[in-house]
Amino acid sequence: MTHPAFKPVRTVNMPSLNVEYQEYEHKKTGARHIHLASEDTNNAFLVAFLTVPQDSTGVAHILEHTALCGSQRYPVRDPFFMMIRRSLNTFMNAFTSSDWTAYPFATQNRKDFSNLLQVYLDATFFPNLNELDFAQEGHRLEFAEKDNPESELMYKGVVFNEMKGAMSSPLRQLHHTIQSHLFPTTTYHHNSGGEPLDIPSLTHEQLKQFHATHYHPSNAVLMTYGNFDVNQHHKMFEELALSQFDKIDTGHLRIPAEQRLTAQKNIDAHYTFDEENTANKTHIVLSWLLNDSSDIREAINGHLLSGILLDNSSSPLRHALETTSLGLSPSSLSGFDANTFESTFACGLEGSEVEHADEVEKLIMGVLQDIADNGVPQSLVDSMLHQIELHQREITGDGFPYGLQLILQGLSMALYHGDPVAALDIDTVLEQLRQDCQNPDFIPSLVKRYFIDNPHRVRVTMSPDRELSKQQIEQEKAQLATIEQQLTDEQKTDIIQRAQTLDERQKQQDDPELLPKVTLDDVPTEMPILEGSSQTAGHLPMTWFTSGTNGMVYQRIVIDLPQLESELLDILPLFCDCMTELGYGDKDYRQAAEWQALVTGGLNASLSMRGHIGDTQKIRGVFSLSGKALARNQQHLIQLLHDTLTQVRFDELEHIRELINQIRSDMDNSITDRGHVLAMTAATSTLSPCTHLTHRWQGLAGIQFIRQLDDALKQDDALQAFADKLKRIQTILLNAPSQLLAIGDDEHQANMQQHLTTVWQDFAKPQQIEPLTPTASLQQIKQAWAVNTQVNFCAKAYPTVPPAHADAPVLIVLGLFLRNGFLHRTIREQGGAYGGGANYHGDSGAFRFFSYRDPRLAETLQDFDNALTWLQETEHEPRTLEEAILGIIGQIDRPASPAGEASISFFNSLHGRTPEQRRKFRQQILQVTIEDLVRVAKTYLQPEKANIVVVSNTKNIEAAPDLGLEILSL
């Protein structure tokens, strides 16, 4: 029986997704509710609003932050982060997209779901929007010395600093430049996250008005997923929020179609770049405006065509971009994008020069014209149809709940007043697409319509400018100087008073009992862990996991890493990166890529390196080659894994050089998004062999190495020597001990085991090997790495104990305890960083502090130490410990995908984290006391023994000479 406040609209069974789609409309407001009924216990909720800013002040983004700072029913200063501590959630966040804002969560606990739903609905529909919270989260004026009007005037604010960090990325700058010219008249012309120079012009009154016009049920979509009762959802929606509203007209918020260009626009732009060498640093990208994204047939056409053109090295446009001498690699922005009201397509090069712009355009248009005239091989079309089918079939959820993935898949369609069913259940449209693809003129006709005959095209040539960063800083200073000149004494006093008032507000202790909560009594006593069965395939050991994979199969060969000489160890990750991108046997790399796409969901070569559970100075490392496929293609997958491992072609020298170019570009582009990870990895690099290798491979030292290697490989003799080393690694691995891992539905086990036995029976029996035993220097370091960024990333690391030690569970709780009670307030709220915290890292036996997109440097490092003083000198309430323990248990119990659960279980056991040990560790966490926290901090966290690493720009580093940091550059 449907709740009387709602009327059912339709119900659609979606067997390929194992869900039933149920759609309802709220009678009074017109709010739309979409429920995806499933047997999955990881239930999810999301409320979203169409948000269409008309400037780049970041109003939608700042509202997303400020709405979570207290509401009518929950008048506490920080309910969102307080609820993270009082919950067993498997996911909590809020997102600002270019045209919508969403508030999602997921949890397996019914009580927790109800608690979070109450807080989320009140936060979005009835937020307090306090002016001080707007100042904290958005922007404010403060003097460098808060109570000294003669000191420097500054901008502060969490979003202000977040966007400074975000817009330090060349790719973010490029993307916004493309969007602003591709969409000259609609909301996408603006930066919804906010431009740092525009953010300070947003007023508190404008923020409140934006909420009033956008955050209304008539402009909302409510979406749920899982096995909880839909009628209970309706009851809570109605009682907590919807009953208090009437329907309004939201037609003025609908996004209009963009005014079409009649001719291509060529844009020359620049991005901030602080390094010396600007050669081969230009981005050249062509972008087209395509179709209404709510037209599912056009959208799936776009996905298919993008795959045909760009998916892998067999794709004609990708091949042209990979092999041209006009640039280093295909642009990271290349591809089809339906995340705007009208979809777009982009392609181009990075690592080019300004003078190549015309030639790059000629290259791209030449490839497209050739396809329009001559078509593409049917096998290439079939391989991309297969990829669409496989994507539809696979149950994901590693790192992001599967239910929320489905919800987001249908969200834009719901907000654009399209059909979410069409976006989710594509079987019918996919069948129509298959039929159309039998016509050899179908793909050429799409290319003509989307690209050749489409004049709404923008070419952006974005080059590095070593002066731009300084100009932006000077522009901000001039903006502040103008304000300061106009300040009266009374206004200066107001600024000082507001800083003091905000500081008092940030320090105030709200009553947490105003918020709902779960307790340790709500924690499940059992920890379910998927366990496999030991079998054999030929003479190879095999572990089989039965898991509900929805007709998918997953296979992996795992090989113990032997001792390698240093020059081979340095390039081991590059061996993995290259292996699955090269040809094998009599197939070249393009033929291999096409076959991979035709019969699998891709192959992946990787390394798994973990510290020993009882001694982090010992490690175990394995190499693995894995793949996934639809069950009907399992035999092809098995053969492909075997042939790739045993017959990979390291003689394709030019493609190896292209791959190293692309890896270098990817690593360079990732710096500002993972600066805190790079800083923590560097800080722990001397504490254990595991983190030493991580720093050497994926860290700042790894970025240094890939740059040097890429430059060296321009010489043919160096390239051949590199390929010879890759071949040597392969030979060594083929003679090392190995085993198989297979995951799938129970009905596929016997068939898969038979095929595995047949294919791997000729695999050479392993020889005895000396296992990999790298070492760490175990020395104290204090480093500052200079990179291209406007913000800082700070880290401190302390050597502590291995995971099997009795203090390891205490240290893991301590990290969250310090973040909850001290670091969140001092680093984020008062300091203005986007994020900060502390954690225990088991593989290095280290305890780490970190900050992310941080305007401060020395002050943050001091706050890391102040957290320890706070711990020792403060009398802590029992609930604060309970909150930290709940957070850790929530992380431990967070479910993964069916295949992910199996892989996690396998590798944990491989590295000594058996189900018994994991359950014991979880039980020890539940028994941690506040006295334990104080004791381990005194025992292990002595500031004079800490490693310190900061990632920043040269100017900020040189402004902090008292820290005594060794300055390094990439």
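Leaving aside its neighbours within four places in sequence, with which residues is Met154 in contact?

Author: The model is predicted, and accordingly local features need pLDDT of at least 70 and side-chain atom pairs count only at pLDDT 80 or more, while totals for chains, interfaces and linings use all residues. Residues are numbered from 1 along each chain as its sequence is written, and side-chain values use heavy atoms, with hydrogens and water left out.

Beyond its neighbours within four places in sequence, Met154 is in contact with Arg140, Leu141, Glu142, Ala144 and Leu480; contact here means heavy atoms within 4.5 Å. Met154 belongs to strand 9, residues 153-156. Helices (H or I, at least four residues) and strands (E, at least two) are DSSP runs, numbered from the N terminus. With a relative accessible area of 29%, Met154 is partly exposed. On this scale, buried means under 20% relative accessible area, exposed over 50%, and partly exposed in between, with a 1.4 Å probe and protein chains only. Glu476 stands 322 residues from Met154 along the chain, yet the C-alpha atoms of the two are separated by 9.1 Å.

Two helices may be described next. Helix 12 comprises 16 residues, 378-393, and reaches 23 Å from its first C-alpha to its last, close to the 22 Å expected at 1.5 Å a residue. The expected span of a helix is 1.5 Å times one less than its number of residues.

Helix 32, residues 898-910, has 13 residues; its first and last C-alpha atoms are 19 Å apart, close to the 18 Å expected. Because 10 of its 13 residues are buried, helix 32 is largely enclosed by the rest of the structure. The buried residues are Pro898, Ala899, Gly900, Ala902, Ser903, Ser905, Phe906, Phe907, Asn908 and Leu910. These buried residues of helix 32 pack against strand 18 (540-546), strand 19 (552-560), strand 20 (603-611), strand 21 (619-630), strand 22 (738-744) and helix 33 (915-926). Just after helix 32, Gly912 adopts a positive phi of about 90 degrees.

Aromatic rings come next. The structure holds 35 aromatic pairs. Rings of Phe, Tyr and Trp (its six-membered ring) pair if their centres lie within 6.5 Å; planes under 30 degrees apart count as stacked, over 60 as edge-to-face and the rest as tilted. The rings of Trp288 and Phe345 have centres 6.1 Å apart and planes at 45 degrees, so this pair is tilted. Trp288 lies in strand 12 (residues 282-292) and Phe345 in strand 15 (residues 342-352), so the pair ties together parts that are 57 residues apart in sequence. Trp288 is buried at 0% relative accessibility, and Phe345 is buried at 2%. The rings of Phe847 and Phe849 have centres 5.5 Å apart and planes at 75 degrees, so that pair is edge-to-face; both residues are buried. Ring pairs also link Phe6, Phe45, Phe80, Phe81, Phe105, Phe113, Tyr120, Phe228 and Phe237 into a cluster.

A charge sits over a ring if NZ of Lys or CZ of Arg is within 6 Å of the ring centre and within 35 degrees of the ring normal. Lys587 likewise lies over the face of Trp595, at 5.9 Å from the ring centre.

Finally, the structure holds 55 salt bridges, each a side-chain nitrogen of Lys or Arg within 4 Å of a carboxyl oxygen of Asp or Glu. Asp246 and Lys28 form one, with their closest N and O atoms 3.7 Å apart. This pair links distant parts of the chain, 218 residues apart: Asp246 is in the loop between helix 8 (230-240) and strand 11 (265-272), and Lys28 in the loop between strand 2 (19-26) and strand 3 (32-37). Lys28 is partly exposed at 37% relative accessibility.

Glu654 and Arg657 meet in a salt bridge at 2.5 Å, N to O. Being three residues apart in helix 23 (residues 653-669), they are separated by about one helical turn. Glu654 is partly exposed at 46%, whereas Arg657 is buried at 13%. A network of salt bridges links Glu275, Arg664, Asp668, Arg707, Asp710, Asp711 and Lys714.
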